[in-house]
Amino acid sequence: MAITLNNGFKMPIIGLGVWRMDESNIRDLIINAIKIGYRHIDCAADYRNEAEVGEALAEAFSTGLVKREDLFITTKLWNSDHGHVLEACKDSLKKLQLDYLDLYLVHFPVATKHTGVGTTDSALDADGVLEIDTTISLETTWHAMEDLVSMGLVRSIGISNYDIFLTRDCLAYSKVKPVVNQFETHPYFQRDSLVKFCQKHGICVTAHTPLGGAVANTEWFGTVSCLDDPVLKGLAEKYKRTVAQIVLRWGIQRNTAVIPKTSKLERLEENFKVFDFELSKEDMDVIKSIDRKYRTNQPARFWGIDLFA
């Protein structure tokens, strides 16, 4: 149930993502997730709910539900804070009510106009295009991330939404190697080359949007989810599982961590019940055949520029 990172720490292979999670539901969802068995919580400054997550974590610790060392807490440096890494990390720690992070990620490989620590704004110019800061290199940002490890604020550091080129670059200039690259991958967007490159070089892959975005990405980006795919529905019938369980099991058997997000208790339980069955090699190959190279998380809709172009 855990992946050993390249620095020896262990990260649970399934976690709870809190992106677009309703603030009023966070407390119950996190408490219930911990009771179900989740030990990995994936947060980000940009999700703007770190304070609510922190309240739930504080309750879990104070009531003895879990100890701090039992949980693996991830959060992320937002684009507008690349020049203020230490301050941004401390701001997240304060909101989460933690003394240290298990993992701190560079959320996107781009620095944007600074809007104030913790505000996580995406400033746009007069044409509605993202204000990218060309004075801060990713190498500068990474070395500031490394300082957080030596200061004891963060146990592990990693990257997010980096392609092969940028991941290779990070490996070349890093003194502390990234332990994780978190990016979108699911049956419709398998990114096999990137997954294999990271794993070959000792970087764990965490799959964000592991279910293809479902309703959330349909609402925000107008994209479709793999959960409606007839091939996956057929496998769900064969294994007597839900489609989501088939997709999450596929991700786990690729040796990628998965961080599905849900706001429903029954789905929270369902998503965690993926350790008592295994997909055959033949069925793994069947899923491999439905790759559409289809990205569902498309921030260009808000930023006026496609950073993945």
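Predicted model: local features only at pLDDT ≥ 70, side-chain atom pairs only at ≥ 80, totals over all residues.
Residues are numbered from 1 along each chain as its sequence is written, and side-chain values use heavy atoms, with hydrogens and water left out.

**View 1**
Arg 27 meets Asp 28 in a salt bridge at 2.6 Å, N to O. A salt bridge is a side-chain nitrogen of Lys or Arg within 4 Å of a carboxyl oxygen of Asp or Glu. The side chain of Arg 27 also meets that of Glu 59, at 2.5 Å, N to O. This second pair links distant parts of the chain, with Glu 59 in helix α2 (residues 50–62) and Arg 27 in helix α1 (residues 23–36), 32 residues apart. Helices (H or I, at least four residues) and strands (E, at least two) are DSSP runs, numbered from the N terminus. Arg 27 is partly exposed at 38% relative accessible area, as are Asp 28 at 39% and Glu 59 at 26%. The classes are buried (under 20% relative accessible area), exposed (over 50%) and partly exposed in between, with a 1.4 Å probe and protein chains only.

**View 1. The pair Asp 121 and Arg 48.**
Asp 121 lies in the loop between β6 (103–106) and α4 (138–150), and Arg 48 in the loop between β4 (40–42) and α2, so that the pair links distant parts of the chain, 73 residues apart. Asp 121 is partly exposed, with a relative accessible area of 32%, and Arg 48 is partly exposed at 48%. Side chains of opposite charge can pair when their charged atoms come close.

**View 2. A salt-bridge network.**
Asp 192, Lys 196, Arg 254 and Lys 288 are linked in a network of salt bridges. The structure holds 13 salt bridges.

**View 3. Strand β5 and its neighbours.**
Six of the six residues of strand β5 (residues 72–77) are buried, so the strand is largely enclosed by the rest of the structure. Strands β4 and β5 run parallel and are joined by three bridges; Asp 42 has Thr 74 of β5 as its bridge partner. Strands β5 and β6 also pair in the parallel sense, over four bridges, and Lys 76 stands opposite Leu 105 in β6. Two strands pair if DSSP finds at least two bridges between them. A right-handed β-α-β unit is made by β4, α2 and β5, and another by β5, helix α3 (residues 85–96) and β6. Right-handed means that, with the strands pointing away from the viewer, the path from the first strand over the helix to the second runs clockwise.

**View 4. The eight-stranded sheet.**
The strands of this open sheet follow the order β3-β4-β5-β6-β7-β8-β9-β10, with parallel pairing. Strands β3 (16–17) and β10 (257–258) stand at the edges, each with a single partner strand, so one side of each is left without a neighbour in the sheet. Within the sheet, five bridges join the parallel strands β8 (residues 180–184) and β9 (residues 204–208). Val 180 stands opposite Cys 204 in β9.

**View 5. Two lysines with positive phi.**
Lys 240 has a positive phi of about 55° although it is not a glycine. Lys 240 sits in the loop between α8 (230–239) and α9 (243–253) and is exposed, with a relative accessible area of 73%. Lys 293 has a phi near 50°, also positive in a residue other than glycine. Its loop runs between α11 (281–288) and α12 (300–303), and at 68% relative accessibility Lys 293 is exposed. Most residues other than glycine have a negative phi.

**View 6. The second largest pocket.**
This pocket has a volume of about 240 Å³. Its lining includes Phe 108, Pro 109, Tyr 162, Asp 163, Arg 191, Arg 295 and Phe 308. By class, the lining has eight nonpolar, one polar and three charged residues. Ala, Val, Leu, Ile, Met, Phe, Trp, Tyr, Cys and Pro count as nonpolar, Asp, Glu, Lys and Arg as charged, and the others, Gly among them, as polar. On a 1 Å grid over the protein atoms alone, where a 1.4 Å probe fits, a pocket is an open set of points with protein on both sides within 12 Å along at least five of seven lines, and lining residues have an atom within 4 Å of a point. Grid points are joined across faces, edges and corners, and the volume is the space filled by probe spheres set on the points.
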